[in-house]
Amino acid sequence: MSDHLTDVMSREEKRAGVSLASIFALRMLGMFLILPVFAIHARTLPGGDNLTMVGIALGAYGLTQAIFQIPFGVASDAFGRKRVIIVGLLIFAIGSVVAALATDIYWTIFGRVVQGAGAISAAITALAADLTREQHRTKVMAMIGSSIGLVFALSLVVAPLLYAAIGMSGIFWMTGVLALIAIAVVTYLVPEPPPPHPGPRVPLSEVLVNTQLLRLNLGIFTLHMSQMMMFVVVPGLLISTGDLPLASHWKVYLPAVLVSFVLMVPAIIYAEKRQKLRTVFVAAIILLLLTLLVLGLQGNHFYVVAGGLLSFFVAFNLLEAMLPSLISRVAPPQAKGAALGVYNTTQALGLFFGGALGGWIAKHFGPQSVFVFAAGINTLWLAAAATMQPILPRQVMPAKTPLPDQGQLN
């Protein structure tokens, strides 16, 4: 095969990237839709006046995701990726029904727990790796990561409108329907995976102690913890600082989301073309850190909150697209399922601890303290990211190469 042909994604690779990104998008949209509105809705539920319980309801999904990511990843190796993904989507749909029928905060928490038990992120990303050649895997992982950032931004815009139209119960019912649509995508649109990759297995212990993977896992944990902590308090701040009713929050979210994507795209192009991944990656973490500090110090002003949302979206979307791409470069083919399982587990733990800690801190110390605490955790991430070791971009690892202790970040 010529170099030109190997440099071009095949039709099947493009189909795999688009279809798998759409599955992620459909499932994550159902999860993200509750973030901008649940803290307000919870006040109408028995037990919902307890901010700690509200935070647990937001983060409970992440706890069971963390518990089941690695088992689902292992099951996908044994029983097939598609079969495990479909089972996980069915579990997620059942949890959505439970949450839709919930009459108090405790049943809502249970529904979120069941939703999270459908932990298929590792299986989907492993399937993406199965269906793509090494030189194109980063592109597909970036497509999946970008789809998460896109639906997160979309959810912030449409969730208040949906809540006004169909209520929280209607949003949970809709998440169940989206999961069923995702099953159809898995069944009819995703290509069939090839046989398992040959070569000796890399022990899970090597994945767990690899310092470059640990840095990236710390990153996804911190990013999603910060996300959940913010949206425990941001909806209330928009109301208290700007006297902006929940149904009108889209007037802040929509401009911030659109501008953030305009600013994000040139940064990604620059990082790839100029081989400045580490520069852009670290800059995005610094932007996230500064955003949290400003919100912590001046978050009692409406325009500061609105501007903070813009800079947060820019940083979040950049990092959400880059992190899975970097994981795919560091982990060799034999360890991709394990590495992605650990990565998604730490992501889910970030969601849980962000929701639970955000609610507890807001209750005892006030909303500004939530941002200050998140900034402290992001300072640790910045220190870890700044010390990552460089390797060649889009490195193709031989089948028998042991798991290296390095990662690409020029």
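Residues are classed here as buried at under 20% relative accessible area, as exposed at over 50%, and as partly exposed in between (1.4 Å probe, protein chains only). The model is predicted, so local features are reported only at pLDDT of at least 70 and side-chain atom pairs only at pLDDT 80 or more, whereas totals for chains, interfaces and linings use all residues. Residues are numbered from 1 along each chain as its sequence is written, and side-chain values use heavy atoms, with hydrogens and water left out.

Three salt bridges are present in the structure; the criterion is a side-chain nitrogen of Lys or Arg within 4 Å of a carboxyl oxygen of Asp or Glu. Side chains of opposite charge can pair when their charged atoms come close. Helices are DSSP runs (H or I, at least four residues) and are numbered from the N terminus.

One of the salt bridges involves K82 and E192, with an N to O distance of 2.9 Å. K82 belongs to helix α5, while E192 is located in the loop between α8 (134–188) and α9 (204–209), so this contact ties together parts that are 110 residues apart in sequence. The two partners fall into separate accessibility classes: K82 is buried, at 12% relative accessible area, and E192 is exposed, at 59%.

Helix α5 (residues 81–100) also contains R81, whose partner D130 lies in helix α7 (residues 121–130). The side chains of D130 and R81 form a salt bridge at 2.7 Å, N to O. Because D130 and R81 sit in these two helices, the pair links parts that are 49 residues apart in sequence. D130 has a relative accessibility of 19% and counts as buried; R81, at 9%, is likewise buried.

A further salt bridge joins the side chains of E12 and R15, at 3.4 Å from N to O. Both residues are in helix α2 (residues 11–32), where a spacing of three residues separates them by about one helical turn. E12 is partly exposed, with a relative accessible area of 39%, and R15 is partly exposed at 36%.

Backbone geometry was also examined. Most residues other than glycine have a negative phi, and most peptide bonds are trans. D243, which is not a glycine, has a positive phi, near 50°. D243 is placed in the loop between α10 (211–242) and α11 (250–273). The relative accessibility of D243 is 67%, which puts the residue in the exposed class.
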